[in-house]
Amino acid sequence: MNCVLGPGNILHDTLLFRVIYDGVGHVLPCWLSYAVAGLAIMLILVNGVLLGAGLFSWVERRLIGRFHNRIGPNRWGPFGSLQPLADLVKLLLKEDLTPKGADRIIFAIVPVAMLAPVVLVMAVVPFAKDTALANLNVGVLYILAVTSITSIAIFMAGWASDNRYAMFGASRGVAVLISYEVPVVMSLLGVVLVAGSMSLADIVSAQTVPFLLVQPLAFFVFFAGTSAELNRTPFDLAEAESELIAGYHIEYSGVKFALIQAAEFGAVLTSSAVMVTLFLSGWSGPFSNYLGWAWFLMKIGVLAFIFSWIRATFPRLRIDQLMAFAWKFLLPLSIINLFATALEVYFLRDSAGTLDTTDLWIMAGINFGLAFACILVFGTLIREKVRPAGPATGATLSPGEAD
Amino acid sequence: MAWFIFILLAVLTIGGALGVVVTRNVVHAALALLVSLIAVAGVYLVLFAEFLALVQVLIYGGAIIIVLLFAIMLTRSSDYPRVTDNKQWPLAALASLAFLGVLAPSFIINSVEGTEAQNASFTGIGESLFTTWAVPFEIASLVLLVALIGAIIIARSDDGEEQG
């Protein structure tokens, strides 16, 4: 049998899908090869994210060990690189406990509901030239829609566990997610404005100048917002181990805990991938026609390293500081960025509505000045606002007062 | 193929909606509503309205359900974990029957010619939203703004002092 994917099919532009479909289509009936190609792509995606998460869990533990001036996991394999495998075996063999009062069905759905958005995001990210699994023309919106499910998963985890600490962690986690969603979305609008498209492939090809330079403020807001949404250390109020033990995943053990951890580590990689695509010009670089994937992976590595660096360096915020940071610092910055970008695009674009490289450089110059000014001004403002009236904390004590 | 997917989505939509009404647990009801709403997004996808589908997931899945869950969590629903209906159910039944009474004739009388599903561009949606339908759009935003301000005022009036 010879199956042909017509140009009208939405998966026609997905190269990987077409290759598998054509290959399998010689032996199998068409509808079956359609399903096989889909399943093969799913397999690649899920395993890619999970293997990446395993690798990153080891890399991050080593890195944070270095940052903390200790060694980190170094027993299993060269430099301890088999540690994720050992962890996996340990977690698979552990008893999978469900608390007595838990809502069994929802409790069991949660790990899947947490991992699924992480994997799904990768479906629209282009790894190299023309290799996005699905080049949606609303790709940016797709990422936002898919990741918004995470907050429900967190709520379900907290509620189903029948544990006060889990519920506290979940309510904090959801509050953080919905607060930081606002500045993150606003900062993405700036990128979409400059690129003139919501398709990730178009955004990559629009970046003759990386949007990190054109949209520094958006990158800053997006980076901070994402790192809060990922529940990583400066913002990990949801699982603050000194207050809530582990937050919403306190009751999870065994395979379910492994899946939740994989989702957390995988989320760092997928958010890095999204950021690489939106701000660091994706797969482009020298020889990008052949080495696009290498550039892509390298840029992900750099961003993931910065994520680990931030996690290892900053102390945890208080919950009011966390909220103030979102609403009084990031949100104004993202609104200013959106307005400035809109004005710049309005005045700089040519009659066809496109921006050329010179325009992008001009925008980069203006926006960098704006970014520094705004961060300085709002940084000073928020420092006064955040200072609590109640009992003094370490941040407010000057050496003279610290009695 | 499309038929099969549509039937699947329809079953999910109706099953979720039934779950909302039938289940005895409020949180289960909210999550069943989520299933139903996301299945509706799937129906949009079958119709090639990607933008609408994603907005459906984003607004209803990400925002509305979370608000619902927060409302359940912050009210004292734990005192009545198994109560999902009250004396007003005949009124609710009447209201939904009336709604059906409006919907069903409008479908029967005003039979729309089926067109080929087309890939609706979101730029077209944006342009018509901000030109032809600008006034309804602004009114909707105004309603939302009023609701927001009202929520802030209600939240502030009780414990605004001690929270600072």
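Predicted model: local features only at pLDDT ≥ 70, side-chain atom pairs only at ≥ 80, totals over all residues.

The questions and answers that follow set computed values against their definitions.

Q: What is the secondary structure of chain A?
A: Chain A comes to 15 helices and 0 strands. Helices (H or I, at least four residues) and strands (E, at least two) are DSSP runs, numbered from the N terminus.

Q: How much of chain A is buried?
A: Buried residues make up 51% of its 403 residues. The label means under 20% relative accessible area; exposed is over 50%, and partly exposed lies in between (1.4 Å probe, protein chains only).

Q: Why is A:Ser199 called buried?
A: Its relative accessibility is 4%, so A:Ser199 counts as buried. A:Ser199 is found in the loop between H7 and helix H8 (200–206) of chain A. Leaving aside neighbours within four places in sequence, A:Ser199 is in contact (heavy atoms within 4.5 Å) with A:Asn135, A:Leu136, A:Asn137 and A:Gly139.

Q: Why is A:Asn69 called exposed?
A: At 72% relative accessibility, A:Asn69 falls in the exposed class. A:Asn69 lies in the loop between helix H2 (30–67) and helix H3 (83–93) of chain A.

Q: What is noted about the phi of A:Asn69?
A: A:Asn69 is not a glycine, but has a positive phi of about 60°. Most residues other than glycine have a negative phi.

Q: How do you know that the span of helix H6 of chain A is close to the expected one?
A: Helix H6 (residues 149–160) has 12 residues and reaches 16 Å from its first C-alpha to its last, close to the 16 Å expected at 1.5 Å a residue. The expected span is 1.5 Å times one less than the number of residues. Just after H6(A), A:Asp162 takes a positive phi of about 55°.

Q: Why is H6(A) said to be largely enclosed?
A: Of the 12 residues of H6(A), 10 are buried, so the rest of the structure largely encloses this helix. Among them are A:Ile149, A:Phe155 and A:Met156. The buried residues pack against H4 (104–121), H5 (139–147) and H7 (164–195) of chain A, together with H2 (26–46) and H3 (50–74) of chain B.

Q: What makes H5(A) largely enclosed?
A: 8 of the 9 residues of H5(A) are buried, so the rest of the structure largely encloses H5(A). The buried residues include A:Val140, A:Tyr142 and A:Ile143. Their packing partners are H4, H6, H7, H8 and helix H12 (254–279) of chain A, together with H3 of chain B.

Q: What is the area buried between chain B and chain A, and how much of it do carbon and sulfur atoms give?
A: The area is about 2,000 Å², and carbon and sulfur atoms give 84% of it. Buried area is the accessible area (1.4 Å probe) that two parts lose on being put together, summed over both. In this interface 21 residues of chain B are in contact with 23 residues of chain A.

Q: How many salt bridges are counted between chain B and chain A?
A: The count is 0. A salt bridge is a side-chain nitrogen of Lys or Arg within 4 Å of a carboxyl oxygen of Asp or Glu.

Q: Why is the pair A:Arg311 and A:Glu60 called a salt bridge?
A: Their side chains meet at 2.7 Å, N to O. A:Arg311 lies in helix H13 (residues 288–313) of chain A and A:Glu60 in helix H2 of chain A, so the pair ties together parts 251 residues apart in sequence. At 30% relative accessibility A:Arg311 is partly exposed, whereas A:Glu60 is buried at 1%.

Q: What makes A:Asp96 and A:Lys256 a salt bridge?
A: The closest N and O atoms of the pair are 3.4 Å apart. A:Asp96 counts as partly exposed at 37% relative accessibility, and A:Lys256 as buried at 13%.

Conventions: Residues numbered from 1 in each chain as written. Chains lettered and ligands numbered in written order. Heavy atoms only, no water.
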